[in-house]
Amino acid sequence: DATQVVLMRQGTRTVLSMQNDFRGPLGDFAMVVPVPVVLKEADVKTLDKGVFDRIDALGSPRLVEYWEQDPCNQLVKNKEGDAAGRPVAPSAMRSADAKGTGGTVKIEAQFQVGEYKILILSATEAAGLEKWLNQNGYKIPAGAEPLLRPYVEAGQKFFVAKVDPQKVKFEDGRVALSPLRFHYDSEELTLPI
């Protein structure tokens, strides 16, 4: 029904946590997330669902009281921020020319974390990646090639997760998928959609 995402960034380290509320046959679940580097098994882990509950509580509205600030306070421009000193987000992902034209897909890494079978893929052509995913049992939406193209052209890798039905947990008769967290280092801050 929904995906919750928590993105944290410090320096060049990005930590992305995702919780999926999936209803349907487990064989239909697949997650494809562009990432800038080849992730290793140590970079990926499952989380307790309570982590998202705590983050939700931290971000929920609260009643606060504000006092008037000194109107004579001069704003000083911060070299890493705007005039108020707030940080300025780096630009979105830059495009790069695709390397090669063979449309090949390469499995860069393969491992299991919790109930997920994880692949890290690279591709030289978006149509080739879409075809590979479909041929290997990943039920992605029809016509995904235009959505994959900018990421392939930018040289991104693809974090692909599929559920191992024999390792899932059930809560109240429903499958309870563990949230996934992975991290990587990259100069660019991006939130893949």
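Start by selecting Val44. Leaving aside residues up to four places away in sequence, Val44 touches Leu39, Phe111, Val113, Phe159, Leu180, Arg181 and Phe182. Contact here means heavy atoms within 4.5 Å.

Before moving on, note what is on screen. This is a predicted model, in which local features need pLDDT of at least 70, side-chain atom pairs count only at pLDDT 80 or more, and totals for chains, interfaces and linings use all residues. Numbering runs from 1 along each chain as its sequence is written, and side-chain values use heavy atoms, with hydrogens and water left out.

**The cores**

Now widen the selection to the largest nonpolar core, which has 23 residues. Such a core is a set of buried Ala, Val, Leu, Ile, Met, Phe, Trp, Tyr and Cys residues joined through side-chain atoms within 4.5 Å. Buried means under 20% relative accessible area, exposed over 50%, and partly exposed in between (1.4 Å probe, protein chains only). Met31, Leu39, Val44, Tyr116, Ile118, Phe159 and Phe182 touch the most other members. Color strands E2 (13–21), E3 (30–35), E5 (105–113), E6 (116–123), E7 (157–163) and E10 (180–185): each supplies at least two residues of this core. Strands (E, at least two residues) and helices (H or I, at least four) are DSSP runs, numbered from the N terminus.

**Strand E6 and its neighbors**

Go to E6. Seven of its eight residues are buried, so the strand is largely enclosed by the rest of the structure. E5 and E6 pair in the antiparallel sense over eight bridges; pairing requires that DSSP finds at least two bridges between the strands. Find Gln110: its bridge partner in E6 is Leu119. Then follow the hairpin formed by E5 and E6, with two residues between them. Gly114 sits in that turn, with a positive phi of about 60°.

E6 also pairs with E7, antiparallel, over six bridges. Ile120 stands opposite Phe159 in E7.

**Asp164**

Next, select Asp164, in the loop between E7 and strand E8 (169–171). Asp164 is buried yet has no salt bridge, meaning a side-chain nitrogen of Lys or Arg within 4 Å of a carboxyl oxygen of Asp or Glu. The nearest side chain of opposite charge, Lys117, is 4.7 Å away. Show Gln112, Glu115 and Lys117: Asp164 touches these, not counting residues up to four places away in sequence.

**Zoom out**

Finish with the whole protein. There are three helices and 10 strands. Buried residues make up 35% of the 193 residues.

How values were computed:
Lys, Arg positive; Asp, Glu negative; His and termini not counted.
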